[in-house]
Amino acid sequence: MDKIKLKIDGREIQTEKGKTVLEAALENGIDIPVFCYHPCLKSIGACRICLVEIASPRGDQIVPWPKLAVSCATAATEGMEVQTHSEKVVKARQGVLEFILANHPLDCPTCDKGGECPLQDTTFKYGLDFSRFEERKRRFITDENSTFDDLQIGPEVIRNQNRCIHCYRCTRLVQERFFEQDLGHYQRGAFTEILPPPGGEIRNLYSGNVVEYCPVGALTNRDWRYKVRVWKTEEIPTICRYCSDGCNLHVSVFRNKIYRIQANTNWSIDEGLPCDIGRYGYQFAHHDDRLTRPMIRKDDELVECSWNEALTVIKNKIDQTVKSLGSSGVACLVGESLSNEDYYTIGRFFRSVIGTNSIDHRIYRKKKLSFGEDVVKRELCWNKLDIADLEKADQFFILGSDLHAENPITALRVLKAKRFSDARIMLLNPRPTHLNRAADEEHIYSAYSEVFLLQGLVRLIVEKKMYDPDKANIKDDEAKAFLKETADFDFKTVSEKTGIAPVDLETIARSLCEAENTIFISGENVRIHYQRDPILISLYNLAKLTGNLNGDASGILMLGGESNSKGCYLFGMRPDRLPYDKPFEQAEELKSSWGEIATDKPGYDTIDILQKINDEKIECGFLLGLDAADHYPDSEYINNTLSKLDFMVVADLFLTDTARLADVVLPISSHFESDGTFVNWEGVLQKFSKSIKNIGESMPLWEIFSKLSTMFDADFNFKTADDIFRHFAPMLGQESVSRMAAIPKDGLRSEKKIDYPDLGLMAVKYRKPSHEDLPLTALSGNGDHHFSRNFSTRCESLNNFLADPYIAINDKLAEDMTISEGDLIKLENSSGKIVAKALIWQNLPEDVVFVPDNFIEVKVSMIRSKDNDIDKVKMVKM
């Protein structure tokens, strides 16, 4: 972008053409006070506190502007001269402050914003120590019997309108960036009020940001207010432990307790706009359910014991198992939100100390865990784009993804592209999702008809020659061969199978061909789909046909998973990979530090591990940071299988259903209690810092297995998480990063190949799914303000948004069965049954029910079977 030169306070600086005077000043460390400005929003010049004095070149002269200008809305130009602290500017700012303070209550001692209030700071710098205003201050009274005019306007947001300075940051964030309508400004002038719509609340997924970015104390959080003053807290950087976006956060700690979480802006990832799940989702760390001491089973009961006793029992049992069955008699399953340091240590322990490669994290799929050869050859296993790249696209094709609930920050980037670049959003899902608030098109297809939908679109584009042959690099012979192979996917059949009208199918196809840069995004529905590979290959076909295999504004993203799903893969939590995705053939470089490694053959994956337990070939099982009894998609099978283990070790934060089956339960620390690193879906490695001391006697998993290694005469000598990081740092390919402290603020990014290999069109096969002969298809996902299980539902603030499970049903189905919202209904099949209150969704297909998969009271796994591709149920009104 073109550069321009200008002077600010006599100092010559450079900035990009098109930036405002304020932006030019801030990026060069020059302070200009602001209230209404925020870098994520369009400038409106509402507060006037950023007034500056400007002179511009006119011919050979520098001519002063006749009036002061608002720097946030004035473009910087070549040769401009700006004064930010002249006598005229200071006097103007004092005048602005006097008007603001005319009605602002002087209640700083009781205001929760005290100590971090821009109005307070700016008043100290520019304001006067007296007021000429003698009249009664304007007051918005909410309770005649109270001197506090607080009004709760959402589950976590409290408003005091008397303090509002009408900067409109809150309403602009909600409407401009979040595309929500649950907060607005009503009335006019000095009588303007910030309120939700009549009868409503501010409860959108990003609602906490309006509090953080309010420049005064007009909006406050229930979880923070009146608990501790900000100057008493220590601010410690961390990374969100929920979804795979990898938001950067700040933890506010006082006397070893977390009191709140706020944004720690990383412009390349979160832009300082975390979702409420990350913001309020810290409260599990201090929950009463936390395990604080190890437990061992005695007389069929779990009783507390010392660490030495627990580790000795584990050591002896491993020895017995290896002696009777060999090292293959031991296996390990891990969760997807542990640190990379945990994974590295776990992998080293099981592979080099015990000698088993039976390690896996893929508990969420029923069948076919690994990607097939055709997916691997097309390099669809890795995401080649970054979150920031989404802003460059002009169209999004989002399939099988509740992006808003699965990857909220990625969803915000999609919305940003729509707001500022007019990008189109196409949603294609088996159920409605909340991103439809901003979608240009939303198509609800028949559940599990994705292969018909995608291959039908590819065939339609080829058949009607909508594509550019040169751009798509497709010869006529290849097109004819594809049409012949996909004869069963004719237009009429595809429409019947998907439930999408022919005219809509053609509209989708033409939109894909007309857009310059389209990004294809798949989500959790595809990640767990029984035909995941054919779906990904079909997305590849669409990207190829439409010329979107190359470039940094097009491509294919497969999202979903938890905070360190990518780290699981990179650090060898699979039976056929070593740390940093190395095959066994490259084990030599590890042997120098690890010693001997079991590399003769891959171990068992999750499916095989469970089968070998049933076959009595595996007797000793470790389940680490994973509630398998609740996560695996067949509750009866997983419980019966785990019960057959001769010895089971569970390491977790809570006494989960899996832990109740264990012989030894180890209390592990949360990521707030340890240093470590995560890798987000982009492949960016980011560090988090220890915020609080370990709860009780809990330890991070890396420390547990380091201690255990000494009992096997294989002392890892890991004293800190940084010791482990230094071990695997050379694998990262960044010579300058040898310690955690050297990781850049915005994370460690590795080189990525952007383009996909061009391997031509590939026809895929549709396989008819196995299922029970029942009328309704059961789908699941995240409920409002929740993510996964065991953590978010142990956070009081998140439960204020949604505290109880539900079963969502179609409105017509509810009418036919005389079901009202709130009635108890039962879903059942041969696997089991679940009961919850009914919630009526108007646009949900009649043959689909949706159950949030976050609540331990209603386990969706109870109605799932590993033997069925699709889980069908019948519904009964209780």
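**Second largest pocket**

I started with the second largest pocket, which is lined by 28 residues. Nearest its centre lie Leu101, Leu106, Cys108, Thr123 and Leu128. For the term itself I noted that, on a 1 Å grid over the protein atoms alone, a pocket is an open set of points with protein on both sides within 12 Å along at least five of seven lines, and a cavity is a set where a 1.4 Å probe fits but cannot get out; lining residues have an atom within 4 Å of a point. I looked up the volume of this second largest pocket and found about 590 Å³, where a volume is the space filled by probe spheres set on the points, and points are joined across faces, edges and corners.

The model is predicted, so I noted that local features need pLDDT of at least 70 and side-chain atom pairs count only at pLDDT 80 or more, while totals for chains, interfaces and linings use all residues. Residues are numbered from 1 along each chain as its sequence is written, and side-chain values use heavy atoms, with hydrogens and water left out.

Which helix gives the most to the lining of the second largest pocket? I found α2, with five residues. Both α2 (87-103) and α3 (118-126) supply at least two residues of this lining; helices (H or I, at least four residues) and strands (E, at least two) are DSSP runs numbered from the N terminus. By class I read 14 nonpolar, eight polar and six charged residues in the lining of this pocket. Here Ala, Val, Leu, Ile, Met, Phe, Trp, Tyr, Cys and Pro count as nonpolar, Asp, Glu, Lys and Arg as charged, and the others, Gly among them, as polar.

**Largest pocket**

The largest pocket has a volume of about 840 Å³. I counted 30 lining residues, with His434, Asp784, Tyr806, Leu839 and Trp841 closest to its centre. β32 gives the most to this lining, four residues. The lining draws at least three residues from each of domain 3 (385-558) and domain 4 (776-877); such bounds come from an automatic or database domain assignment.

The largest cavity holds about 810 Å³ of space. Of the 40 residues that line it, Tyr364, Glu524, Ile528, Asp853 and Arg864 are the closest to its centre. I sorted the lining of the largest cavity into 13 nonpolar, twelve polar and 15 charged residues. Why does the largest cavity lie between domain 3 and domain 4? Both domains give residues to its lining, so the largest cavity lies between them.

**Nonpolar cores**

Next I looked at the largest nonpolar core, which has 172 residues. Such a core is a set of buried Ala, Val, Leu, Ile, Met, Phe, Trp, Tyr and Cys residues joined through side-chain atoms within 4.5 Å. Buried means under 20% relative accessible area, exposed over 50%, and partly exposed in between (1.4 Å probe, protein chains only). Ile314 is one of the residues that touch the most other members. Apart from this core lies another, of 48 residues, among them Met426 and Val526.

**Asn256**

Last, I found Asn256 in the loop between β13 (248-254) and β14 (257-263). Is Asn256 buried, partly exposed or exposed? It is partly exposed, because its relative accessible area is 33%. Asn256 and Lys484 are 228 residues apart in sequence and 67 Å apart in space, C-alpha to C-alpha.
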